[in-house]
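Subject: Structure handover

Hi,

Here is the structure we talked about. Please load it first, then read the notes below.

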Amino acid sequence: MNRIAAPLACLLTVLLLASCSSPPIQRKDGSSSIRSFSLRDLAKSDVDTVIEIHQQAVLASLRTLTLKLYRRNPGEWRKSGHASADAATEALFKPIPHWHLSSQMRLDWQASLRDAWREDYPGDRVKALMDGLLVMHMAAFDNRTEFYLLTDVDAQKLYNAARNTEAVAWKLATARNPRGEPTLLSNGADGNGVANLSFEREFGKLIGNQDTLARIIEDKSNREIRFGVVNLTSMVFLPI
């Protein structure tokens, strides 16, 4: 009897979850974030699902920033030998589905972030910058892409990643080469003098996502976040 009851209970759970699901959000670009149900979802708590949703939003912001930077600085993707800004962006994020097997995971993200601003750096500055941010943010999620009941996420790492990202956003807006030109073009103005602050808005979304999730994890784990700041002049980052 027990051998029948267990599969039946599992089936009823699946049917109940399916009946309670909400319709997907209708976005302007036609995209949808709705996910099909998997039996693995039974091993996830509500907080685990929230973590995955926030991580997906973080990765989406990083991808958007990468593509925008490559389009504003086409000379950079050419340094890496790519055919377009889109191709360079795809190459950077290709390892995500198998991140734990990727050599990219072991990149020194602090050195990469500093390389992006070095006057003598000969390589692709956008790749150095966004590689550093991607590896740092993935490290803040303990280099995982799925989260389960026994998965431990550190609120302090999420908080530190948000502060480091604030420092990078400031550096991007202020860094100049010896000729007084922006090291990397980002925010600017259109032909009518109207400010384009799309980079600032995307960085704001990225930082807000990490801060919100850090607060959620802090409440769940009862471990208080230690507040800290980044030394902007020397780009000494908070540890992850």
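A residue counts as buried when its relative accessible area is under 20%. Ser102 is at 10% relative accessibility, so Ser102 is buried. Keep that cut-off in mind for the notes that follow. One caution before going on: this is a predicted model.

**Overall layout**

The protein chain has eight helices and two strands. Read from the N terminus, the order is α-α-α-α-α-α-α-β-β-α. The chain has 240 residues, and 38% of them count as buried.

**The nonpolar core**

Which residues have the most contacts inside the largest nonpolar core? They are Leu62, Trp117, Leu129, Met130, Leu133, Leu134 and Leu158, in a core of 52 residues. Two or more core residues come from each of α2 (46–72), α4, α5, α6 (125–140), α7 (155–174) and α8. Helix α6 gives the most, with ten residues.

Setting aside neighbours within four places in sequence, Leu62 is in contact with Phe93, Met130, Leu133, Leu134, His137 and Leu206.

His137 is in helix α6. Is His137 buried or exposed? Its relative accessible area is 1%, so His137 is buried. The His137 side chain makes a polar contact with the side chain of Gln210, at 3.0 Å. Beyond four places in sequence, His137 is in contact with Val58, Leu62, Ala161, Thr165, Leu206 and Gln210.

Thr165 is in helix α7. With a relative accessible area of 0%, Thr165 is buried too. Again leaving out residues up to four places away, Thr165 touches Leu133, Met136, His137, Phe203, Leu206 and Ile207.

Ser102 is found in the loop between α4 (85–93) and α5. A polar atom of the Ser102 side chain lies 3.0 Å from the backbone nitrogen of Gln104. Ser102 is thus a buried loop residue with a side-chain-to-backbone pairing.

**Aromatic rings**

The model has three aromatic pairs. One of them joins Trp109 and Phe237. Their ring centres are 5.9 Å apart, with 55° between the planes, and the pair is tilted. Where do the two partners sit in the chain? Trp109 is in helix α5 (residues 109–115). Phe237 is in the segment after α8 (198–221). Trp109 is buried because its relative accessibility is 9%. Phe237 is buried as well, with a relative accessible area of 6%.

Two charged side chains also sit over rings. The charged end of Lys68 is over the ring of Phe199, 4.9 Å from its centre. Arg163 lies over the face of Tyr159, 4.7 Å from the ring centre.

**Backbone points to check**

Most residues other than glycine have a negative phi. Two residues here have a positive value.

- Asp142 has a positive phi of about 60° and is not a glycine. Asp142 lies in the loop between α6 and α7. With a relative accessible area of 37%, Asp142 is partly exposed.
- Asn222 has a positive phi near 60°, and is also a residue other than glycine. Asn222 is in the segment after α8. At a relative accessible area of 69%, Asn222 counts as exposed.

**In brief**

The core draws on six helices by name: α2, α4, α5, α6, α7 and α8. His137 pairs with Gln210 through their side chains. Trp109 and Phe237 form a tilted aromatic pair.

Best wishes

Technical notes. Residues numbered from 1 in each chain as written. Predicted model: local features only at pLDDT ≥ 70, side-chain atom pairs only at ≥ 80, totals over all residues. Heavy atoms only, no water. Phe/Tyr/Trp six-rings, centres within 6.5 Å; stacked < 30°, edge-to-face > 60°. Helix = DSSP H or I, 4+ residues; strand = E, 2+ residues; numbered from the N terminus. Buried < 20%, exposed > 50% of the residue type's maximum accessible area, 1.4 Å probe, protein only. Lys NZ or Arg CZ within 6 Å of the ring centre and 35° of its normal. Polar contact = N/O pair within 3.5 Å; in protein donor to acceptor, adjacent residues only side chain to side chain. Core = buried A, V, L, I, M, F, W, Y, C linked by side-chain atoms within 4.5 Å. Contact = heavy atoms within 4.5 Å.
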